[in-house]
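Have a look at the sequence and structure first, then try each task before reading its solution.

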Amino acid sequence: MIFPVPVLCGLLMQACQSKPGATDEAQVAVQDTSVLSGRMADCRVEIEGLTFTQALGRADTCVTVRPDGVLEFECGEKRDIFCDPNGKLSNNSLPILLTAVDNSRPFTLTAKVTPGFTDEGLYNAADLFVYANDTLWQKLCYEQDERGNHRVVTVRTRGTSDDNNHQQLDVASVYLRISSDSHTLASYYSLDKEEWHMVRLYKNDYPAELWLGVASQCPQKGICTSLFSELSLTQDAVGDFRTGD
């Protein structure tokens with residue numbers, strides 16, 4: 001989300017401020033892998049048959065796998081990821097747990113998320129990620145907005161980030177899902193894990209080497225402790241991209 005925390009490193013700020021054409025921008029984003037590789041660290045966090053093997057921002061030190069199988073992810077204040085189109089309000093400090101996938105094959109990542117919403121926690125959220133590098137990614141969030149409402153949000157970054165607010169919900173937890181058949185990638189939410197609602201769909205033009213991940217974000221004040229449960233990563237796509245089934 002957009003917020004006044006200009007902590008992005010010089011290399012990423014340069015990428016955000018440049019204004020190439022659409023084709024050039026996508027090419028820059030795909031090739032700019034050095035920004036990501038320098039911040040990645042090996043880790044091993046296992047939950048419900050899913051193993052996260054890479055961490056950004058020391059994410060492995062922010063999580064606890066509870067005895068009940070819930071992943072507890074604590075994020076300190078002013079930690080987020082956003083590449084401001086104006087190059088002024090960017091932040092690249094978010095801890096993210098990642099696991100590698102073969103993007104030439106279908107995949108579906110699903111989780112029940114319970115964000116740590118607080119009275120002052122503007123843009124607090126629990127996130128699912130599709131991540132190629134620091135300037136090519138998407139997050140699917142259950143987030144607190146400017147008016148204190150809770151809603152599904154997506155942010156897609158190709159050199160710079162967009163920002164899309166979707167459904168407003170009055171629940172503590174929601175199911176999130178990201179699915180690809182290697183050609184199309186779509187994001188969904190559900191209240192019961194039975195009926196899914198699509199919030200975003202676009203061409204999957206990410207590189208073959210790709211990571212999926214989870215994160216808890218706290219762009220403004222306090223601490224955001226988010227819970228992730230019923231996590232699954234399967235090597236298949238949803239049967240119907242419109243319904244998410």
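Helices (H or I, at least four residues) and strands (E, at least two) are DSSP runs, numbered from the N terminus. Two strands pair if DSSP finds at least two bridges between them. This is a predicted model, where local features need pLDDT of at least 70, side-chain atom pairs count only at pLDDT 80 or more, and totals for chains, interfaces and linings use all residues. Residues are numbered from 1 along each chain as its sequence is written, and side-chain values use heavy atoms, with hydrogens and water left out.

**Exercise 1.** Find the bridge partner of Cys-75 in strand 18.

*Solution.* Start with the two strands: strand 4 covers residues 71-76 and strand 18 covers residues 223-234. They pair in the antiparallel sense over six bridges. Now look up Cys-75: its partner in strand 18 is Cys-224.

**Exercise 2.** Work out the strand order of the open sheet, and name its edge strands.

*Solution.* Seven strands line up as 3-4-18-8-14-15-16, with antiparallel pairing. The edges are strand 3 (63-65) and strand 16 (196-203), each pairing on one side only.

**Exercise 3.** Which residues does Leu-71 contact beyond four places in sequence?

*Solution.* Contact means heavy atoms within 4.5 Å. Skipping the close sequence neighbours, Leu-71 touches Val-45, Ile-47, Val-63, Thr-64, Val-65, Leu-97, Val-214, Ser-226, Leu-227 and Phe-228.
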